[in-house]
Amino acid sequence: MHDHRRLGRELNLFDTDPLMGAGLPYWLPDGAIVRHTLEEYVREAEQRAGYRHVYSPVLGKRELYEISGHWDHYSEDMFPPMDLGSEQVLLRPSLCPHHALIYRSRSHSYRELPLRMAEVGGMYRSELSGVLGGLTRVRAITLNDAHIFCTLEQAVEEARAALELIGRAYADLGIRAARHRLSLPGEGGKYVADPELWRRATALLREVLDGSGIPYEAAEGEAAFYGPKIDVQIADPAGREATLSTVQIDFHQPERFDLHYIGPDGAKHRPVMVHRSVIGSVERAVAHLVEAHGGAFPPWLAPVQLVVLPVADEQAGHAHDLVRRARGLGLRAEVCDPGQGTLAARIRAARLVPYQAVIGGREAAADQVAPRLRDGRRPGALPAAEFLRRIADRVAARGTGLWEAA
């Protein structure tokens, strides 16, 4: 059973230091590669789906979160205010108030809708020390977040498309959902008191789920304070569940921020705000990927995609030349030379790397390699250029496959 905390350290992905503080991990070079690659994948997928990306600050005035409702309903999970002259500012617990302000900063016509705004941005939660662990519960979170401003008639289709985007990402990442949950309000005062808001949003989310044919379970007490949500649940090797991805339909914040668009009748109309996150927090996503794959990431996501193994020092020049060619194709490649052990020992040390290229005297003379795949297959000697092209094609295609026949 894989534990991302142990594997993360063994694979030099991330670590912590008490001087930085609990729940504040730092990323080592290989972990930074995984994180960066994952973030770029999401940005590209969102761009293809019609999203526009923004950047917004991680601080906001207290008044901002009073308007959004976070201060009244969520302040116990926020860091304390900081005095800045005559004002108080806070580390944001969420990106949605900032995106609402960005939308509000310009006038919008119905012709612009749906307006899909995305960001991979930082936010902060004042988690208690007892619940912190590895990358799954942290205090500094990088969230793959987006907000779609649309008409009421567009909301169901936008939420459905967000679920499809989540499904495609899970397939490319080689992970699966444990279940889908319709998260509803429970007892207590942590929720916005507007029964009609809850009824309308819940009905629309049920329509999304029913129309998508996705089995789901309703769960009271799991909603956001401002509205119900679809939670895509994942499970770790011990069966413990966590929420990775979400889709929400929100009538509350458009009202609080007085958002509007100009309709075909020339009058102002209130948009609906669809919140959605494809991979949730980058930290939790990487933790789950480490555990799901045991560190053997899909080829496109692996920190090192190709290790070149010269049999003897005489082939070292050919090995370094192959690495240069691989890097020219955008591949992450390294040489593991004979000074680091026997060929068998070096092959074992690189067992999590998707591709290995052994170069002996015969291969060097013919500009060939003897490929070894992570799953144990040996496709047979190939021209070096063809071998690199096949790897580059697999990486570009994303997904979890290692090799395709010529």
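Which residues in α6 meet α7? In this predicted model, Leu152, Val156, Ala159, Arg160 and Leu163 of α6 meet Arg200, Leu204, Glu207, Val208, Leu209 and Ser212 of α7. By class, this contact of α6 with α7 comprises seven nonpolar, one polar and three charged residues. Helix α6 covers residues 152-173 and helix α7 covers residues 195-212. The axes of the two helices come within 9 Å and cross at roughly 50°, which makes α6 oblique to α7. The crossing of α6 and α7 is right-handed.

Helix α6 also packs with α2, the two forming an angle of about 145° with their axes 12 Å apart. The crossing in which α2 passes α6 is right-handed. In this contact, Leu38, Tyr41 and Ala45 of α2 meet Leu165, Arg168, Ala169, Asp172 and Leu173 of α6. The residues of the contact of α2 with α6 divide into six nonpolar and two charged, with no polar residue among them.

Helix α2 spans residues 29-48 and includes Thr37. The relative accessible area of Thr37 is 13%; Thr37 is therefore classed as buried, the criterion being a value under 20%. When residues up to four places away in sequence are not counted, Thr37 touches Trp300, Leu301 and Arg332.

With regard to the chain as a whole, the protein contains 13 helices and 20 strands. The C-alpha trace spans about 75 × 50 × 40 Å along its principal axes. Of the 406 residues in the protein chain, 50% are buried. The accessible surface of the chain comes to about 18,600 Å², and carbon and sulfur atoms account for 50% of this surface. Among contacts in the protein chain with a separation of 6 or more, 71% are between residues 24 or more positions apart.

Most residues other than glycine have a negative phi, and most peptide bonds are trans. The peptide bond from Leu113 to Pro114, however, is cis, with omega near 0°. Pro114 lies in the loop between α5, residues 96-104, and β7, residues 115-124. Leu113 is likewise placed in the loop between α5 and β7. With a relative accessible area of 7%, Leu113 is buried. Leaving aside residues up to four places away in sequence, the residues that Leu113 touches are Tyr103, Phe149, Cys150, Thr151, Gln154 and Tyr261. For one of these, Gln154, the C-alpha atom is separated by 8.6 Å from that of Leu113, although the two residues are 41 residues apart along the chain.

At Asn12, which is not a glycine, phi is positive at about 55°. Asn12 is found in the loop that connects α1, residues 4-10, with β1, residues 14-15. The relative accessible area of Asn12 is 45%, and the residue is partly exposed. Asp258, also not a glycine, has a positive phi of about 55°. The position of Asp258 is in the loop between α8, residues 252-256, and β13, residues 261-262. Asp258 counts as partly exposed, at 46% relative accessibility.

A further loop, between β13 and β14, contains Gly266, with β14 covering residues 268-269. The relative accessible area of Gly266 is 55%. Gly266 is consequently assigned to the exposed class, for which the criterion is a value over 50%. The C-alpha atoms of Gly266 and Ser109 are separated by 9.0 Å, while the two residues are 157 residues apart along the chain.

How values were computed: Residues numbered from 1 in each chain as written. Predicted model: local features only at pLDDT ≥ 70, side-chain atom pairs only at ≥ 80, totals over all residues. Heavy atoms only, no water. Helix = DSSP H or I, 4+ residues; strand = E, 2+ residues; numbered from the N terminus. Buried < 20%, exposed > 50% of the residue type's maximum accessible area, 1.4 Å probe, protein only. Contact = heavy atoms within 4.5 Å. Axes fitted to C-alpha atoms, helices over the stretch in contact; angles between N-to-C directions. Parallel < 35°, antiparallel > 145°, perpendicular 65-115°, else oblique. Left-handed = near helix turned anticlockwise from the far one by under 90°. Nonpolar A, V, L, I, M, F, W, Y, C, P; charged D, E, K, R; others polar. Areas by Shrake-Rupley, 256 points an atom, 1.4 Å probe, with all protein chains shown as cover.
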